[in-house]
Amino acid sequence: MNEILEKIKAYELILIHRHKNPDPDAIGSQAGLRAILRENFPEKRIYAVGYDEPTLTYLAEMDLIELREDEKYLSIVCDTANTPRIDDDRYKNADFLIKIDHHPNDDAYGDLLLVEPERSSASEIVADFAFETGLKLNAEAARLLYAGIIGDTGRFLYPATSPNTLKVASKLAEFPFDRPALGREMSSFDMKVARLQGFVYENMEVSEKGAARVLLTQEILKKFDLRDAETSSIVSTPGNIRGVESWAIFVEQADGHFRVRMRSKVKPINEIAKRHDGGGHALASGANSYSLEENQQIWQELQDNLE
């Protein structure tokens, strides 16, 4: 952490990245770090870059900037396991690259790495980075990091929630931001998502072994007027059913392949994801399938994994 701080001090221009198709932890850790660094180094040019996900702009918006070809800058990538998922390719031209992440370190990219897979979230790591190095936080940074933590822990329900997670969240909660309002915003969704949730319960297949699956085709997404990113809010839905231990949601993309969101309560499923062009946490992973036959293969592996 001290080495990272020294690198931050050495650069006047800093870009902060996160992964494509962001979730609250990606935005929270990225924009939270931006808020911390701007608070402590007001003379520096510090930007959060990437696509503005419309469903998460209530947390933060990205900076639109153009760089000169001769400019040297530091890139910090938050909450991103591998390079293909990094949003904004300008990390490739950075003078120095730092990785801050809590996923398994299968792609050890970067010149300096702070990777702690046992952590609940990248936001927890960024918050601890500030606390440990003596950097000042403000209410905006605390709000963003708190949002990232409760997003990736499912409001402290998931196994990665540790005593330190609660300790960090408690420290962040001391800052003057509206926690109930933030919680309401994060748990709210549009009526079309509510209708999709009903579709999931109605059409979910559950095996005798406790595996579940749902297929969301392009036709279904158009019927509910939803983009792929908006389906992320129903990923935890099958897990609310008693007896469902592991599940996969297959979302057809515009090019015909399937994005597979996989979750499990106890049995690790990340090795299944790795076999299908993906990866992630032990109990929360993503994969890609390129045919209905591969969908079926993943479904079978998910069932076999519960034996």
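Helices α3 and α4 (residues 139–153) pack with their axes 7 Å apart, at an angle of about 145°. The crossing of α3 and α4 is left-handed, a term used where the near helix is turned anticlockwise from the far one by less than a right angle. Ser123, Glu124, Val126 and Ala127 of α3 make the contact with Leu144, Leu145, Gly148 and Ile149 of α4, contact meaning heavy atoms within 4.5 Å. By class, this contact of α3 with α4 has five nonpolar, two polar and one charged residues. Nonpolar covers Ala, Val, Leu, Ile, Met, Phe, Trp, Tyr, Cys and Pro, charged covers Asp, Glu, Lys and Arg, and the others, Gly among them, count as polar.

The model is predicted; local features need pLDDT of at least 70, side-chain atom pairs pLDDT 80 or more, while totals for chains, interfaces and linings use all residues. Residues are numbered from 1 along each chain as its sequence is written, and side-chain values use heavy atoms, without hydrogens and water. Helices (H or I, at least four residues) and strands (E, at least two) are DSSP runs numbered from the N terminus. Axes are lines fitted to C-alpha atoms, for helices over the stretch in contact, with angles from 0 to 180 degrees between N-to-C directions.

| Helix pair | Axes come within | Crossing angle |
|---|---|---|
| α2 (residues 24–40) and α3 | 8 Å | roughly 20° |
| α3 (residues 122–133) and α5 (residues 163–173) | 10 Å | roughly 65° |

The angle makes α3 roughly perpendicular to α5, the term for 65 to 115 degrees. α3 passes α5 in a left-handed crossing. Glu124, Ala127, Asp128 and Phe131 of α3 are in contact with Asn164, Thr165, Val168, Lys171 and Leu172 of α5. These residues comprise four nonpolar, two polar and three charged.

α2 and α3 are therefore roughly parallel to each other, as angles under 35 degrees are classed. Their crossing is also left-handed. Asp25, Gly28, Ser29, Leu33 and Ile36 in α2 meet Ala122, Ser123, Val126, Phe129 and Ala130 in α3. Six nonpolar, three polar and one charged residues form this contact.

The second largest pocket holds about 150 Å³ of space. A pocket is an open set of points on a 1 Å grid over the protein atoms alone, where a 1.4 Å probe fits, with protein on both sides within 12 Å along at least five of seven lines; lining residues have an atom within 4 Å of a point. Points are joined across faces, edges and corners, and the volume is the space filled by probe spheres set on them. Asn203, Glu205, Arg213, Val214, Leu215, Phe250, Leu292, Asn295 and Gln296 line the second largest pocket. At least two lining residues come from each of β7 (211–216) and α10 (292–304). The lining divides into four nonpolar, three polar and two charged residues.

Key. Angles under 35 degrees count as roughly parallel, over 145 as roughly antiparallel, 65 to 115 as roughly perpendicular and the rest as oblique.
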